[in-house]
Amino acid sequence: MKILTGKDIREADRYTMEHEPISSLDLMERASRSIARWMGENIGCETPLLFVVGKGNNGGDGLAVARMLSEEGYCCSVCGLFAPESMTDECRTNWERLPKDVERCTIDSLPLTEGTVVVDALLGTGVQGEVKEPVRSAIVKINSLKNRAVSIDMPSGMGTEFGNVERTMVRAWVTLTLEFPKLALLLPEAGDAAGRVVVLPIGLDPQYITENSSPYFYTERAEAQRLIEPRNRFAHKGMHGHALLICGSRGMVGAAVMATRAALRSGCGLVTTHLPESERMVVQVACPSAMVSCDPESVFSCVPKHLERYRVVGVGCGVGQDSRSVQAFRDLLASVTAGVRLVIDADALNILAAHPEYLHLVPPNTILTPHLGELKRLIGAWNGEEEKIGRVRALAARLQAYIVVKGANTMICTPGGRCMFNATGNPGMAKGGSGDVLTGYITGLLARGYDPCRAAVLGVYLHGLAGDKAAEKYGEEGMNASDMIDFLGIAQAETV
């Protein structure tokens, strides 16, 4: 799913109205019907609704939804911050269409009960700079309430892309964003204020969206589903690739176990794990389906022989940064041939950051999987999300590599500069070992035969979905990284 910028969203509205054709008021009605449908399915009719509306088309959406839900039996109240004569034509028309039983109120006399849901329809996507009065005070008022807030399209006050640090904005329980997510909803600058993000289709012209040149994309189930390759009925293990994982060191063998178990869930034919000989029994007992390659030292100290046997090498989980490992990693980079893919994670990324002279050895189409700390070591500190994304894109282009920036809505950046954000996952995954699971799984998908872009995007999506399933069973606090491995196969089976 493509993500458009605020300017292009407004152009998509205009293009749709001209080419469908449809009036602005009727397009608003269609969007509002989609919002009302979601609220009707997810908020009980016994729940009072308070709509706080501005003077623009976001306010018009809120007023139309209030009318629709009032007609369905909901108790709806409306707080309008502006006089009707200052509203846009569409907003004023929907103000005039409100049923008589919808109570009008002011921001100083809100009809609230403990269970009332506040619907934020103040600003939408048209924010430029800091919000002004009386909207700013209304946002502060909404945030001071203990009531849950549902924002229409965007939490009011949030800009659609960057520059949201220290902005005054609504902190929503749910954001019902229209047609596609807005970039700011997916970024750590302000994305937490959006709460749960739900994308609602409103029928904007698909040709305009397809032809738009935005570099930003969002991976939901439909996109992931298209990436999955069917398994040949007459397949044998030799057809689905051999993955090599270089993981673990003395005291860090758990990383090797989790990466190996995840690779075994990927569908690849064979998995071999290279680790210190002293630690091999742990992997052989925990992962009997995998083979073991033994390193004579207590750390990664030598490149396994016959690399040409493997379709992909995943390196870094728990290997440490001993001087022997630094040299072995350099030797690995120099040894990888054109037919072998590479996934670099964890300590291998830190070695790469500490030795930038190794960067030229990184083969094209390598996948790097840094968390934010590792990313900062690779590209340096950044000032804001726009600069961070720019630096990631520059590194991906320089290395001709795929960079998986782990976190909420994990971003995959391609060599050509596309940035694909992920829809799955939850805060319970922010625990030790989650990255080892992802590295093992992506390594296995590459061995299975997926190209680097598809392996990264699909691996991140299914890893996040497995995390969601683990959270459903154990809760976000109680789940751990190894729980996710058990759900990887189920996640893939349900996505097909």
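Student: How do the axes of helix 2 and helix 4 cross?

Tutor: Happy to start there. In this predicted model, the axes of helix 2 (residues 24-42) and helix 4 (residues 89-96) come within 10 Å and cross at roughly 60 degrees.

Student: Why are helix 2 and helix 4 called oblique to each other?

Tutor: Set the angle against the cut-offs: roughly parallel means under 35 degrees, and roughly perpendicular means 65 to 115. The crossing is at roughly 60 degrees, so helix 2 and helix 4 are oblique. The crossing is also right-handed.

Student: Which residues make the contact?

Tutor: Helix 2 brings Ser 24, Leu 25, Met 28 and Glu 29, while helix 4 brings Glu 90, Thr 93 and Asn 94. Sorted by class, that contact has 2 nonpolar, 3 polar and 2 charged residues.

Student: On to the rings, then. How many aromatic pairs does a search of the whole structure find?

Tutor: The search finds 2 aromatic pairs.

Student: What makes the pair of Tyr 15 and Tyr 208 tilted?

Tutor: Their ring centres are 5.4 Å apart, and the cut-off for a pair is 6.5 Å. Stacked needs planes under 30 degrees apart and edge-to-face needs over 60; here the planes are at 40 degrees, so the pair is tilted. Tyr 15 lies in helix 1 (residues 6-19) and Tyr 208 in helix 6 (residues 206-211), so the pair ties together parts 193 residues apart in sequence.

Student: How do you know that strand 15 and strand 16 pair?

Tutor: Pairing takes at least two bridges, and strand 15 (residues 367-368) and strand 16 (residues 402-405) have 2 bridges, in the parallel sense. In strand 16, Tyr 402 is the bridge partner of Ile 367.

How values were computed
Residues are numbered from 1 along each chain as its sequence is written. This is a predicted model: local features need pLDDT of at least 70, side-chain atom pairs count only at pLDDT 80 or more; totals for chains, interfaces and linings use all residues. Side-chain values use heavy atoms; hydrogens and water are left out. Helices (H or I, at least four residues) and strands (E, at least two) are DSSP runs, numbered from the N terminus. Axes are lines fitted to C-alpha atoms, for helices over the stretch in contact, and angles run from 0 to 180 degrees between N-to-C directions. Angles under 35 degrees count as roughly parallel, over 145 as roughly antiparallel, 65 to 115 as roughly perpendicular and the rest as oblique. A crossing is left-handed if the near helix is turned anticlockwise from the far one by less than a right angle, and right-handed if clockwise. Contact means heavy atoms within 4.5 Å. Ala, Val, Leu, Ile, Met, Phe, Trp, Tyr, Cys and Pro count as nonpolar, Asp, Glu, Lys and Arg as charged, and the others, Gly among them, as polar. Rings of Phe, Tyr and Trp (its six-membered ring) pair if their centres lie within 6.5 Å; planes under 30 degrees apart count as stacked, over 60 as edge-to-face and the rest as tilted.
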